[in-house]
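Grab a viewer and work through these exercises. Each one sets a task and then walks through a solution.

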Amino acid sequence: MKVTYFLIGVMKMSCELKSQIKLIIEKYDNPSESLIAILQEVQALVGYISEESVKCITELTGIASSRILGVASFYAGFRLKPIGKYRI
């Protein structure tokens with residue numbers, strides 16, 4: 001029973017995230033040319049570039065996930081893992 005509730009929570013979060021990312025993408029005329037700006041806004045929203053975010057961007061724009069991850073991993077300003085609560 002607990003697993004079912006957990007999965008429903010994940011689905012809701014996924015749908016909510018997808019709708020927020022869709023709003024971000026709709027601001028740009030050509031998403032492939034504005035990929036860096038889109039990634040910056042998604043990172044500001046989520047805190048990092050999550051795998052789920054990459055999947056949503058891929059579905060909504062048609063940009064290959066390898067290209068998205070290539071851009072995100074090239075620039076030092078993007079985080080692919082969540083940052084810790086405390087910095088040591």
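A salt bridge here is a side-chain nitrogen of Lys or Arg within 4 Å of a carboxyl oxygen of Asp or Glu. Keep in mind that what you're looking at is a predicted model.

**Exercise 1. Work out how the side chains of E59 and K18 meet, and what parts of the chain they link.**

Step 1: check the distance. The E59 and K18 side chains come together with N and O 2.5 Å apart. The cut-off is 4 Å, so the pair counts as a salt bridge.

Step 2: E59 belongs to helix α3 and K18 to helix α1 (residues 2–26), so the pair links distant parts of the chain, 41 residues apart.

Step 3: look at the cover. E59 is exposed, with 54% relative accessible area. K18 has 32% and is partly exposed.

**Exercise 2. Describe the overall layout of the chain: which elements does it have, and in what order?**

Step 1: count the elements. You'll get four helices and zero strands.

Step 2: read along the sequence. The pattern is α-α-α-α.

Step 3: ask how much is buried. The chain has 88 residues, and 25% of them count as buried. Its accessible surface is about 6600 Å², with 60% of that belonging to carbon and sulfur atoms.

Step 4: check the contacts. Take those between residues at least 6 apart in sequence: 57% of them join residues at least 24 apart.

**Exercise 3. Decide how α2 and α4 are oriented: roughly parallel or roughly perpendicular?**

Step 1: get the geometry. Helix α2 (residues 35–46) packs against α4 at an angle of about 75°, and the axes are 11 Å apart.

Step 2: classify it. Angles from 65 to 115 degrees count as roughly perpendicular, so that is the label for α2 and α4.

Step 3: name the residues that meet. On the α2 side they are L35, I36 and L39; on the α4 side they are R67, I68, V71 and A72.

Step 4: zoom in on V71. V71 is in helix α4 and is buried, at 17% relative accessible area. Setting aside residues up to four places away in sequence, V71 touches L35, I36, L39 and F78.

**Exercise 4. Is I63 buried or exposed, and which residues is it in contact with?**

Step 1: locate I63. You'll find I63 in the loop between α3 (51–61) and α4.

Step 2: apply the cut-off. Buried means under 20% relative accessible area, and I63 has 6%, so I63 is buried.

Step 3: list the contacts. Beyond neighbours within four places in sequence, I63 is in contact with P31, S32, L35, T58 and I68. One of these, L35, is 28 residues away in sequence, with a C-alpha to C-alpha distance of 9.0 Å from I63.

**Exercise 5. Identify the residues that make the nonpolar surface patch.**

Step 1: pick out the members. I36, F74 and Y75 make a patch of about 330 Å².

Step 2: take a closer look at Y75. Y75 lies in the segment after α4 (65–74) and is partly exposed, at 38% relative accessibility.

Methods
Residues numbered from 1 in each chain as written. Predicted model: local features only at pLDDT ≥ 70, side-chain atom pairs only at ≥ 80, totals over all residues. Heavy atoms only, no water. Patch = residues over 30% accessible without salt bridge, like charges linked within 9 Å, V, L, I, M, F, W, Y side chains within 5 Å. Areas by Shrake-Rupley, 256 points an atom, 1.4 Å probe, with all protein chains shown as cover. Helix = DSSP H or I, 4+ residues; strand = E, 2+ residues; numbered from the N terminus. Buried < 20%, exposed > 50% of the residue type's maximum accessible area, 1.4 Å probe, protein only. Contact = heavy atoms within 4.5 Å. Axes fitted to C-alpha atoms, helices over the stretch in contact; angles between N-to-C directions. Parallel < 35°, antiparallel > 145°, perpendicular 65-115°, else oblique.
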